[in-house]
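Welcome, and thanks for taking a look at this one with us. Please have the sequence and the structure open side by side as you read.

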Amino acid sequence: MPRSSVNSVPDQQLRAKAWEVYQRLLQTYGEHPLVPRREPMHELISTMLSHRTTQQNEAIAFQRMWEHFGSWEAIQDAPVEELSRIIAPANFAEAKAANIKEALRRIIAERGEPSIDFLRDVPTEEGLRWLMSLPGVGIKTASLVLLFCFGKPTLPVDTHVHRVSQRLGLIGPKVNPTAAHALLLTLLPPNPHVLFNFHVNMLQHGQKICIWGTPRCQRCPLTNLCDWYQQPRK
Ligand code: SF4
């Protein structure tokens with residue numbers, strides 16, 4: 001099937017394909033429990049630091065920041081130059097420092113404390129809107145925080161999930177990562193456990209097999225489902 005025909009594929013067929021992809025990736029990479037890996041404020045600020053930055057440098061930047069300032073209030077009050085120097089292992093440190101400071105100011109001013117735990121009891125759409133009203137927080141970060149920390153039925157689409165979804169033909173070749181969030185959600189059951197495992201395993205697949213550049217199709221369990229693999233080569 002040519003990749004450009006994705007929009008003409010009936011939704012039911014695409015949903016069945018997404019489910020088959022999900023099942024095969026489960027068999028390949030395993031099933032992961034949806035257990036929060038860190039507390040919500042840590043997850044939010046780490047994810048803000050992670051934009052266009054390796055996982056290792058994101059972790060270093062966060063650790064440096066916490067060791068240097070020691071509290072959310074101190075980070076909020078820090079001069080932006082000082083904060084950007086401390087989080088410099090993360091790319092775009094200056095912009096991130098300004099966004100983190102302003103996000104913390106908003107959270108503390110609105111909630112009376114450096115906590116976003118209230119999102120647990122807020123409907124998903126409202127939670128997404130609130131998070132995305134913070135500076136530097138887009139749909140990917142908001143979806144990740146709501147799914148990972150509060151088990152809400154959202155699906156973060158990072159660069160790996162986006163690339164693999166496009167090659168498979170789950171989304172069209174011109175669909176950008178922002179639009180992919182809503183499209184992919186329509187193809188999967190609104191079950192946080194399923195969405196979490198789809199995200200984690202698609203990400204692993206994108207890091208190990210369906211890599212940027214030339215994908216390692218000879219090792220892929222999805223070849224007969226994949227538009228990219230099946231398209232005629234010149
Ligand atoms: S067959 Fe190749 S292009 Fe398709 S998902 Fe697998 S690795 Fe990616």
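This is a predicted model: local features need pLDDT of at least 70, side-chain atom pairs count only at pLDDT 80 or more; totals for chains, interfaces and linings use all residues.

## Two domains

According to the domain assignment, domain 1 is built from two stretches of the chain, 3–33 and 155–230, while domain 2 covers 40–150.

How many residues of each domain are in contact with the other? On the side of domain 1 there are 10, and they meet five residues of domain 2. Two elements, α10 (177–187) and α11 (192–208), each give two or more residues to the side of domain 1 that touches domain 2. By class, that side of domain 1 divides into seven nonpolar residues, two polar and one charged.

## Helix α2 against α8

Let us turn to helix α2 (residues 40–50) and helix α8 (residues 139–150), whose axes come within 10 Å and cross at roughly 150 degrees. Because angles over 145 degrees count as roughly antiparallel, α2 is roughly antiparallel to α8. The crossing in which α2 passes α8 is right-handed.

Which residues make this contact? From α2 come Pro 40, Glu 43, Leu 44, Thr 47 and Met 48; from α8 come Thr 141, Leu 144, Val 145, Phe 148 and Cys 149. Sorted by class, the contact of α2 with α8 holds seven nonpolar residues, two polar and one charged.

## Helix α2 against α3

Helix α2 also packs against helix α3 (residues 55–69), at an angle of about 125 degrees and with the axes 9 Å apart. That angle makes α2 oblique to α3. Here, too, you will find a right-handed crossing, this time of α2 and α3.

On the α2 side the contact uses Ser 46, Leu 49 and Ser 50, and these meet Glu 58, Ala 61 and Phe 62 of α3. The classes in the contact of α2 with α3 are three nonpolar, two polar and one charged.

## Helix α1 against α11

The next pair is helix α1 (residues 11–29) with α11, the axes coming within 9 Å and crossing at roughly 65 degrees. The two helices, α1 and α11, are therefore roughly perpendicular to each other. In this case α1 passes α11 in a left-handed crossing.

Tyr 22, Leu 25, Leu 26 and Tyr 29 are the residues that α1 brings to the contact. The α11 side consists of Val 194, Asn 197, Phe 198, Asn 201, Met 202, Gln 204 and His 205. Seven of the residues in the contact of α1 with α11 are nonpolar and four are polar, with no charged residues. As noted above, α11 is also one of the elements on the side of domain 1 that touches domain 2.

## Around the ligand

Finally, the ligand: which of the 14 residues around it come nearest? They are Cys 210, Pro 215, Cys 217, Cys 220 and Cys 226.

The shell around the ligand draws at least two residues from each of α9 (159–168) and α12 (227–230). Of these, α9 supplies the largest share, three residues. In terms of class, the shell around the ligand contains 11 nonpolar residues, one polar and two charged.

Terms used:
Residues are numbered from 1 along each chain as its sequence is written. A residue is near a molecule or strand if its C-beta atom, placed from the backbone, lies within 6 Å of it. Helices (H or I, at least four residues) and strands (E, at least two) are DSSP runs, numbered from the N terminus. Ala, Val, Leu, Ile, Met, Phe, Trp, Tyr, Cys and Pro count as nonpolar, Asp, Glu, Lys and Arg as charged, and the others, Gly among them, as polar. Axes are lines fitted to C-alpha atoms, for helices over the stretch in contact, and angles run from 0 to 180 degrees between N-to-C directions. Angles under 35 degrees count as roughly parallel, over 145 as roughly antiparallel, 65 to 115 as roughly perpendicular and the rest as oblique. A crossing is left-handed if the near helix is turned anticlockwise from the far one by less than a right angle, and right-handed if clockwise. Two residues are in contact if their C-beta atoms, placed from the backbone, lie within 7 Å. Domain bounds come from an automatic or database domain assignment.
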